[in-house]
Amino acid sequence: MLSGLAPWVHAVIVLGYAGRGTQPVQRHAHPLLSLAPQTPLRQFLMESAGVEPPFVDAVLAKCDEEYIGDVEALRVASRAGLLKQIFKPVVYLGIESALKSLSPDVSIAANQVVAMMPTATKVTPKAALEVEPYHAILPNLPLNTFKNKAPHTGKIVNVKRIVGVCAPTLLPQPECPSMLPHHTAHNIGKGAWNPGVSLLVRSQIHPYWEGQSLGVVPPGISPKNGKPNSVRLYSICSTRYGDDLAGDSVSLCVRRALYWDKDLAAYDPAKKGVCSNFLCDSKPGDPVEVTGPTGKVMLMPEATPNADLIMIATGTGIAPYRGFLRRLFVEETPAHKAFTGLAWLFLGVANTDSILYDDDWQEVARFLRAIAAAKASIAAREPDRFRVTYALSREMSKPDGSKVYVQDKVAEYADEVFARMDAGAHMYFCGLKGMMPGITTMLERVSSERGLAWEEVLAKWKANGQWHVEVY
């Protein structure tokens with residue numbers, strides 16, 4: 001994948017059924033949230049929560065939509081676990097941080113809000129794709145059901161944009177005048193305007209396991225050698241059951257790759273990404289040749305359900321983790337019933353509008369809130385089953401003014417990450433290889449502080465199967 005402009009496509013390869021794609025999380029507005037006395041909400045947002053003046057009116061408008069009339073109502077929504085669903089991550093984090101300095105207890109009102117929310121239930125797959133025992137995925141690993149020389153022909157179902165209008169782009173954006181074109185040597189282009197492809201493939205491609213990849217063979221002849229285009233691999237971002245749960249679908253997250261020629265101030269069509277542009281330009285019903293599934297590096301450790309999963313991604317590297325989290329938290333599966341560890345996602349993108357699959361992460365959080373509410377009060381909600389930590393390079397900065405990348409956010413939690421790895425956690429990396437030096441340097445520092453040799457620590461983690469890397 002080439003880095004740059006942020007138009008991603010959600011590619012669902014539905015194997016025999018038109019997949020529904022990613023469904024938005026239902027947001028709930030409650031008149032109860034306006035029952036507290038009036039307080040200077042605008043002042044709180046600007047001075048305490050750090051909302052910049054140009055964005056305050058938009059945040060206040062969102063508050064009005066959700067019947068949040070003052071600071072106490074914000075806190076009720078916070079205790080009810082609704083703020084993540086209402087606001088963008090940067091705004092949400094600022095509000096949560098500011099609310100921590102306030103003292104009055106609003107747990108009773110918060111619990112009333114939770115009681116008003118519909119009960120979240122797991123979704124049940126329609127196909128039987130588990131093995132016996134369910135965690136015996138390596139002995140039953142599906143590999144190259146369809147090979148490069150004999151691909152399977154599937155069908156495009158739909159193309160769906162999955163980033164906001166202010167995701168960075170090479171092009172002027174009338175909808176977001178503050179986002180100037182971002183010119184880099186390699187960048188993504190107009191694909192920003194139709195990012196999301198669903199591919200329909202027949203069920204012979206199944207099964208595949210979460211963490212595997214699918215090959216796509218773009219049509220046409222390569223100008224480099226005069227032969228048919230070669231296969232391109234994409235990480236699968238659905239579970240084995242697919243987004244429609246019918247057991248005949250595959251989802252991909254695709255980012256259009258274009259090359260910007262700085263001298264010509266134009267795109268060079270000869271250097272564009274052949275396969276990504278083919279997928280981004282696809283229409284429902286178009287045929288697509290697929291191969292695979294392939295890969296075993298990124299599989300989940302289902303035989304040790306108490307192991308923590310630390311998942312680190314940049315951009316479309318988020319793909320395999322979406323499948324992980326849906327299997328563990330959203331779908332009714334043996335893996336969901338057995339998992340007792342922490343699933344911790346670190347995602348690095350340019351800005352809030354570039355966050356991929358945020359609806360999915362909020363859906364996971366919604367399920368966990370419902371579980372907690374059924375057990376006891378908000379105060380007793382189940383902690384640390386799932387965390388998501390964003391690194392937004394154009395919206396966050398370090399004390400020295402430099403940008404915050406995903407490796408910097410991991411470094412903030414260096415001691416905890418190391419301790420969890422020491423206790424048997426599995427660490428996954430997917431996305432741009434540029435994140436790796438910063439992370440390994442951080443882990444080397446922590447090793448040194450503990451009187452350990454980093455080379456020996458890494459060798460141990462690799463020998464134990466705890467270290468999973470798939471970067472480009």
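Predicted model: local features only at pLDDT ≥ 70, side-chain atom pairs only at ≥ 80, totals over all residues.
Figure 1. Let's start with Leu 245, which counts as buried at 8% relative accessibility. To find Leu 245, look in the loop between β6 (232–235) and β7 (249–255). Its backbone is worth a look too: phi of Leu 245 is near 65 degrees, a positive value in a residue other than glycine.

**Figure 2. Asn 144, another non-glycine residue with a positive phi.** Asn 144 isn't a glycine, yet its phi is positive, about 50 degrees. You'll find Asn 144 in the loop between α6 and β2. Is Asn 144 buried, exposed or partly exposed? With a relative accessible area of 33%, Asn 144 is partly exposed.

Figure 3. Pro 133 lies in the loop between α6 (107–116) and β2 (152–161). The other cis bond joins Gly 292 and Pro 293, and here omega is about 0 degrees. Where does Pro 293 sit? Pro 293 belongs to strand β10, which covers residues 287–294.

**Figure 4. Helix α1 crossing helix α5.** Here you're looking at α1 (residues 41–48) packed against α5 (residues 89–99), with the axes 9 Å apart. How do the two helices lie relative to each other? The angle between them is about 100 degrees, and angles of 65 to 115 degrees count as roughly perpendicular. So α1 and α5 are roughly perpendicular to each other. On the α1 side, the contact uses Phe 44, Leu 45 and Ser 48. On the α5 side, look for Gly 94, Ile 95, Ala 98 and Leu 99. Sorted by class, this contact has five nonpolar residues, two polar ones and no charged ones.

**Figure 5. Helix α3 meeting helix α5.** Helix α5 has a contact with α3 (residues 71–79) as well, at an angle of about 105 degrees and with axes 11 Å apart. These two helices are therefore roughly perpendicular to each other. From α3, the contact takes in Val 71, Leu 74, Arg 75 and Ser 78. From α5 come Ile 95, Glu 96 and Leu 99.

**Figure 6. The buried side of helix α12.** Pick out Ala 414, Val 417, Phe 418, Arg 420 and Met 421, which are buried in α12. Why do they end up on the same side of the helix? They cover an arc of only 165 degrees around the axis, so they share one side of α12. Just past the end of α12 comes Gly 424, with a positive phi of about 110 degrees.

Figure 7. Helix α14 spans residues 454–463, and its buried residues are Trp 454, Val 457, Leu 458 and Trp 461. Seen down the axis of α14, they fall within an arc of 95 degrees, so they line one face of the helix. What covers them? The cover includes α12 (414–422), α13 (436–449) and β15 (467–471). Now check the face turned away from the buried side, which carries the exposed residues Glu 455, Glu 456 and Ala 463. After α14 comes Gly 465, where phi is positive, near 75 degrees.

**Figure 8. Lys 433, an exposed residue in a loop.** Lys 433 sits in the loop between β14 (426–431) and α13. Its relative accessibility is 56%, so Lys 433 counts as exposed. The cut-off behind that label is over 50%. Which residues does Lys 433 touch, leaving aside neighbours within four places in sequence? Lys 433 is in contact with Val 471 and Tyr 472.

**Figure 9. Zooming out to the whole chain.** Across the chain there are 14 helices and 15 strands. Of its 472 residues, 56% count as buried. The accessible surface comes to about 20,300 Å², and 56% of that belongs to carbon and sulfur atoms. Take the contacts between residues at least 6 apart in sequence: 80% of them join residues at least 24 apart.

Definitions and conventions
Residues numbered from 1 in each chain as written. Heavy atoms only, no water. Helix = DSSP H or I, 4+ residues; strand = E, 2+ residues; numbered from the N terminus. Buried < 20%, exposed > 50% of the residue type's maximum accessible area, 1.4 Å probe, protein only. Contact = heavy atoms within 4.5 Å. Areas by Shrake-Rupley, 256 points an atom, 1.4 Å probe, with all protein chains shown as cover. Axes fitted to C-alpha atoms, helices over the stretch in contact; angles between N-to-C directions. Parallel < 35°, antiparallel > 145°, perpendicular 65-115°, else oblique. Nonpolar A, V, L, I, M, F, W, Y, C, P; charged D, E, K, R; others polar. Arc of directions from axis to C-beta.
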